[in-house]
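Have a look at it first.

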Amino acid sequence: MSVVERLNDVLSRIRDAEAGANRAAGSVSLVAVSKTFDAEAIRPVIEAGQRVFGENRVQEAQGKWPQLRAGTSDIELHLIGPLQSNKAADAVALFDVIETIDREKIARAVAAEIVRQDKPVRLYVQVNTGLEPQKAGIAPDETVAFVTLCRDTIGIPIEGLMCIPPADENPGPHFALLAKLAARCGVTKLSMGMSGDFDVAVQFGATSVRVGSAIFGTR
């Protein structure tokens with residue numbers, strides 16, 4: 001299958017999952033994860049109509065997205081990898097959505113850059129639902145307090161939560177936990193589900209799924 005055929009297959013599976021969960025068609029958006037792929041690999045996906053993309057690293061994204069965006073004004077770019085505070089300025093300048101706010105230092109650095117650059121950026125908090133030491137993300141039992149801190153003290157709006165379940169566990173309970181936390185935080189966006197489990201994520205209320213290898217192939 002070509003990359004465009006794989007894209008269409010993923011979109012079809014998302015629509016099927018929406019229907020199976022009695023959700024409205026189009027209620028789940030696809031974030032095409034283009035990390036490690038160069039501009040020439042991404043361009044056919046843009047030409048096929050995909051507009052929302054995810055990248056893990058600020059520096060890598062800087063090397064390809066200004067060029068890719070030049071002829072397409074409505075691209076929406078998500079940062080889905082860990083953010084260091086010294087990259088906050090670059091991240092705010094380049095990305096439309098940052099999904100990986102997970103500690104106060106990052107929240108404050110991003111808040112300062114949003115003000116300095118006068119650029120609205122949509123923000124999600126990453127939750128480490130599996131409490132995995134090697135993964136970024138705030139602990140589930142600290143999530144509500146952290147979202148409140150971001151909103152009320154730091155002054156940045158948090159519109160959603162994001163998680164990456166442990167690879168060797170059933171993702172369903174992790175997606176259910178994230179949905180429960182989102183309800184407690186009063187946020188409506190849920191970024192969850194990747195190539196191997198996005199169908200399940202749709203059942204648990206995902207509003208966006210992050211799919212890379214099922215579209216672009218193995219890295």
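Start with helix α2, residues 39-47, where Ala39, Ile42, Val45 and Ile46 are buried. Buried here means under 20% relative accessible area, exposed means over 50%, and partly exposed is in between (1.4 Å probe, protein chains only). Helices (H or I, at least four residues) and strands (E, at least two) are DSSP runs, numbered from the N terminus. Look down the axis of α2 and the buried residues fall within an arc of 120°, so they line one face of the helix. That arc is taken from the directions from the helix axis to the C-beta atoms. Over on the other side of α2, Glu40 and Glu47 are exposed.

A quick word on the model: it's predicted, so local features need pLDDT of at least 70 and side-chain atom pairs 80 or more, while totals for chains, interfaces and linings use all residues. Residues are numbered from 1 along each chain as its sequence is written, and side-chain values use heavy atoms, without hydrogens or water.

What covers the buried residues of α2? The cover includes α1 (3-20), β2 (52-55), α4 (65-69) and α10 (213-216), with contact meaning heavy atoms within 4.5 Å.

Now for the rings. Phe, Tyr and Trp rings (for Trp, the six-membered one) pair if their centres lie within 6.5 Å; planes under 30 degrees apart are stacked, over 60 edge-to-face, the rest tilted. The count is three aromatic pairs. One of them is stacked: Phe37 and Phe216, 5.1 Å centre to centre with 25° between the planes. Phe37 sits in the loop between β1 (29-33) and α2, and Phe216 in helix α10, 179 residues apart.
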